Amino acid sequence: MAVSVFGELLITAGLVLGLFVVYSLWWTNVVADRVADKQADKVRDGWLQRDTGPGALDTKNGIGFLHVPAMRNGEVLVEKGTSTKILNDGVAGYYTDPVKAALPTSGKEGNFTLAAHRDGHGAKFHNIDKLKKGDPIVFESKDDWYVYKVYAVLPETSKYNVKVLGQIPKESGKKKAGHYITLTTCTPVYTSRYRYVVWGELVRTEKVDSERTPPEELR
């Protein structure tokens with residue numbers, strides 16, 4: 001009798017665990033994608049309806065979109081901040097702490113540092129390990145396309161290693177100021193023990209035309 005009850009408890013525990021996994025790795029993606037899509041629509045509608053002037057930045061709903069073909073994740077809305085609350089909405093966030101990101105729209109040299117979830121809640125950086133040197137990373141703002149090329153990858157580092165976010169990312173081998181982008185996420189997959197880092201450098205900027213024709217890297 002005791003063995004039978006214990007077996008039933010194990011089965012129940014297994015079902016509960018299975019449901020939790022489904023919730024964490026599938027349902028949170030569904031919910032986050034819905035939220036992100038609504039926010040993205042607001043951003044694009046705002047770009048069409050409000051004449052805020054060249055280079056204007058509205059951080060209320062998002063500042064633009066990240067396009068990374070190698071990650072096969074479509075366009076990713078970029079918002080201000082990297083808190084769990086923000087990233088759980090299925091977006092990428094730019095760092096405001098501990099090192100403030102340099103936004104490409106400012107035109108100033110620096111490091112445009114971003115984070116997103118690798119699993120659950122949209123998992124926008126799930127395929128970050130697919131990125132290789134030379135791959136394009138494109139940021140789309142209201143007025144411009146910023147085309148970066150990957151030049152360095154760090155598959156694993158401490159979650160406390162803030163040096164990877166430096167305005168001059170010396171961890172990537174750079175010694176001079178420039179226009180850089182850094183993507184960060186958790187690793188290994190399904191854990192948050194370490195951080196995976198990808199660095200890119202700006203190779204050119206293109207003005208957005210009336211049709212919002214993407215640069216050749218995205219066609």
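Reader: Which residues touch the most other members of the largest nonpolar core?

Author: In this predicted model, the largest nonpolar core has 26 residues, and Leu 66, Val 78, Phe 112, Leu 131, Ile 137 and Leu 183 touch the most other members.

Reader: Which strands supply at least two residues of this core each?

Author: They are β2 (75–80), β3 (92–94), β4 (110–115), β5 (136–140), β6 (144–158), β7 (179–187) and β8 (194–207). The largest share, three residues, comes from β6.

Reader: What makes a group of residues a nonpolar core?

Author: The members must be buried residues of kinds such as Leu, Val, Phe and Ile, joined through side-chain atoms within 4.5 Å. A second, separate core of ten residues includes Leu 87, Tyr 95, Tyr 180 and Val 197.

Reader: Why are such residues found together?

Author: In soluble globular proteins, nonpolar side chains tend to be buried together.

Reader: What is Leu 183 in contact with, leaving aside its neighbours within four places in sequence?

Author: Leu 183 is in contact with Leu 66, Met 71, Leu 114, Phe 125, Ile 128, Leu 131, Ile 137, Tyr 196, Val 197 and Val 198. Contact here requires heavy atoms within 4.5 Å.

Reader: Why is Lys 124 called buried?

Author: The cut-off for buried is under 20% relative accessible area. Lys 124 has 13% relative accessibility, so Lys 124 counts as buried.

Reader: Where is Lys 124, and what does Lys 124 touch?

Author: Lys 124 lies in the loop between β4 and β5. Not counting residues up to four places away in sequence, Lys 124 touches Asp 33, Met 71, Asn 73, Val 76, Gly 90, Ala 116 and His 117.

Reader: How many residues of β4 are buried?

Author: Six of the six residues in β4 are buried, and the strand is described as mostly covered.

Reader: How do you know that β3 and β4 pair?

Author: Pairing requires at least two bridges between two strands. Two bridges join β3 to β4, so these strands meet that requirement, and they run antiparallel. Tyr 94 stands opposite Leu 114 in β4.

Reader: What is the sense of the pairing of β4 and β7, parallel or antiparallel?

Author: β4 and β7 pair in the parallel sense, over six bridges. Thr 113 stands opposite Thr 182 in β7.

Reader: How many bridges join β5 and β6?

Author: Five bridges join β5 and β6, in the antiparallel sense. Glu 140 stands opposite Trp 145 in β6.

Reader: In what order do the strands of the closed barrel run?

Author: The eight strands run β1-β2-β3-β4-β7-β8-β6-β5, with mixed pairing. From one strand to the next, the twist averages 30°.

Definitions and conventions:
Residues numbered from 1 in each chain as written. Predicted model: local features only at pLDDT ≥ 70, side-chain atom pairs only at ≥ 80, totals over all residues. Heavy atoms only, no water. Buried < 20%, exposed > 50% of the residue type's maximum accessible area, 1.4 Å probe, protein only. Helix = DSSP H or I, 4+ residues; strand = E, 2+ residues; numbered from the N terminus. Axes fitted to C-alpha atoms, helices over the stretch in contact; angles between N-to-C directions.
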